[in-house]
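Subject: Structure for you to look through

Hello,

Please find the structure below, with notes on what was found in it. Keep the model open while you read.

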Amino acid sequence: MKNNKLTFLHSGDFHLGSYFYSSDLPVELVENRRENIWASIESLFSYAKEKKTDCIFLCGDIFNENYVTLSILERLNSLFKTVPETKIFIIFGNHDPYSKNSKFKYLNLASNVFVFDDDNVKSFEFEDFNVYGISYTDRILNKSSYFEDIKLDRKKINILLLHTDILMPNFNYMNLNLSDIENLGFDYIALGHIHKPQKVKENIIYPGSLEPLSFKETGFHGAIYGEFENRKLYKKFIPLSSSIFTLVNYELKESFDFYYLLEHLKDNVLVEDKNNYIRLTLTGKLPMGFDLDIKGLEEALKKYVHYIEVIDNTEENYDIEKILDLNRENQIGIFIDKVNSLNESQEIKEKILKYGLNALMREDS
Ligand SMILES: [Mn+2]
C-alpha cells in the first residue's frame with residue numbers, strides 16, 4: 001500500500017494442465033492451447049510488474065490436479081518470482097483442491113506467495129488491509145456455514161476470495177447465495193469458478209477464465225485491475241487472453257458460387273486474426289440440388305484465421321409445386337399428395353415433406 005492506495009489484479013481459472021476434453025477442439029491443438037494459457041499468464045504477470053501492483057488474487061482452478069505435472073507448477077512458481085514486490089494470494093477450487101496429495105505442496109514458494117490452505121475462512125493481515133479466503137481441500141466444498149467467526153477490522157480494507165457459483169448456488173461448490181456474502185462488510189469480493197466475466201455487484205466480480213477454454217467462452221477474456229484510493233474502489237477489465245473464440249452465423253442467399261462465398265466470408269464476415277478461433281454456422285436455403293462443399297470451404301478459410309470450423313445448417317429449397325408437376329405418376333408425387341392431405345399443421349407437413357423428399361430425391365442420384 002503506497003500513498004493510501006492499494007492496487008490489485010484479480011484472476012484465476014487458468015486450468016493449467018487441461019487436456020481440453022470438453023472443448024470439442026481437435027486433439028492436435030492441445031499443446032498449442034496449453035501454450036496459449038501460458039502466454040496469457042505471462043501477460044498477467046508482466047502487467048503486474050509494469051504497474052507494480054500490490055497484490056494478485058488468484059481465485060481457484062489455476063490448474064487441473066488430475067493432469068498437472070510438477071514441472072508445470074514449477075513454471076508457474078517461476079512467474080511468481082518475477083514479481084517479488086507483489087503479494088500473491090491463492091485459494092484453491094474444485095479442480096485444484098489443496099488435498100493431502102496436492103502437487104502444489106511440493107513447491108518452494110517465495111515469501112510473497114500467500115496460500116489459503118484450509119476449507120475454513122482464514123486471513124492474512126497487513127497494516128492497512130486484510131485478505132480472507134477459503135480453499136477447497138476436496139473436489140467438493142459443502143458446509144452449512146462459512147462466515148460465522150468473521151470479525152472485520154473496519155479501519156482496514158477487507159478483501160474476500162471465494163470459488164463458488166453465486167448466481168446458481170450448487171451444493172458441490174459451497175452453495176452460497178449473493179445474500180450470504182453481500183452484507184458481510186467486505187470492500188471487495190474476488191470470485192472464481194465461473195468462466196464468463198461478470199460483475200455480480202460493483203465490488204463482487206468474476207473476472208472469468210484468463211484464457212478462454214472453448215467455444216462456450218466467447219468474447220474478450222482477461223483479468224480485473226483494481227485500485228482502492230481512500231477506500232474508494234476503481235476497477236477495470238483488462239483483456240489479456242492470447243486468443244478469442246467467436247461464434248459467427250451467416251445466412252446464405254439464393255445465388256452464389258463457391259468462390260463468391262469464400263471471398264465474401266473472408267472479406268465481410270470473418271475477422272482475420274492469427275489468434276481467432278471461429279465457429280462459422282451457415283444457415284439459409286440452398287438452391288435445389290446444390291450441395292455445398294463444406295470441407296473444402298473450411299480448408300480454404302483456414303488460410304485466413306488461426307482456427308475455423310464450419311457447421312452446415314443450411315436447408316434445401318424445394319419448389320413443391322414444380323416437383324409435384326414433374327412426378328405425378330411416381331412415388332414422389334404420391335408422397336406429396338399423401339402429406340398434403342394429412343390432418344396436420346402446415347409447419348408439420350413442411351417438415352415431413354422436407355425429410356421425405358430429402359430421402360426420395362437423393363435416392364435417384
Ligand atoms: Mn471451478
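**Starting from one leucine**

L184 is in contact with F147 and I150, leaving aside its neighbours within four places in sequence. Two residues are in contact if their C-beta atoms, placed from the backbone, lie within 7 Å. L184 is found in the loop between α3 (178-181) and β8. Helices (H or I, at least four residues) and strands (E, at least two) are DSSP runs, numbered from the N terminus. With 14 other C-beta atoms within 10 Å, L184 is partly exposed. A residue is buried if 20 or more other C-beta atoms lie within 10 Å of its own, exposed if 12 or fewer, and partly exposed in between, with C-beta atoms placed from the backbone. The C-alpha atoms of L184 and L160 are separated by 9.8 Å, and these residues are 24 apart along the chain.

Two notes on how to read this. Residues are numbered from 1 along each chain as its sequence is written. This is a predicted model, in which local features need pLDDT of at least 70, side-chain atom pairs count only at pLDDT 80 or more, and totals for chains, interfaces and linings use all residues.

**The whole chain**

The chain is divided into domain 1 (5-239), domain 2 (244-316) and domain 3 (320-364); these bounds come from an automatic or database domain assignment. The centres of domain 1 and domain 3, taken over C-alpha atoms, are 58 Å apart. Along the principal axes, the C-alpha atoms of the chain fill a box of roughly 90 × 45 × 40 Å.

The secondary structure comes to 8 helices and 16 strands. The radius of gyration of the chain is 27 Å, well over the 21 Å that the globule rule gives for 365 residues, so the chain is more spread out than a compact globule. The radius is taken over C-alpha atoms, and the rule is 2.2 Å times the number of residues to the power 0.38. Of the 365 residues, 32% count as buried. Among contacts in the chain with a separation of 6 or more, 74% are between residues 24 or more positions apart.

**Two sheets**

Strands of a sheet pair through backbone hydrogen bonds, either parallel or antiparallel. Here two strands count as paired if DSSP finds at least two bridges between them.

Strand β3 (residues 87-91) runs parallel to β4 and is joined to it by 3 bridges; F89 stands opposite F114 in β4.

Another open sheet also has 6 strands, in the order β5-β6-β7-β8-β10-β9, and its pairing is mixed. Its edge strands are β5 (122-125) and β9, each pairing on one side only. Strands β7 (residues 157-163) and β8 (residues 188-192) run parallel and are joined by 5 bridges, with L161 opposite A190 in β8. Strands β9 (residues 198-201) and β10 (residues 204-206) run antiparallel, joined by 3 bridges. They form a hairpin with 2 residues between them, and Q198 has Y206 in β10 as its bridge partner.

**Cores**

Which residues have the most contacts inside the largest nonpolar core? They are F57, I159, L161 and A190, in a core of 60 residues. A nonpolar core is a set of buried Ala, Val, Leu, Ile, Met, Phe, Trp, Tyr and Cys residues joined through C-beta atoms within 7 Å. F57 touches F8, H10, F89, L161 and A190, not counting residues up to four places away in sequence.

**Two positive phi angles**

Most residues other than glycine have a negative phi, and most peptide bonds are trans. H15 is not a glycine, but has a positive phi of about 55°. H15 is found in the loop between β1 and α1 and counts as buried, with 24 C-beta neighbours inside 10 Å. D61, also not a glycine, has a positive phi of about 55°. D61 is found in the loop between β2 and α2 (70-80) and is buried, with 26 other C-beta atoms within 10 Å.

Regards
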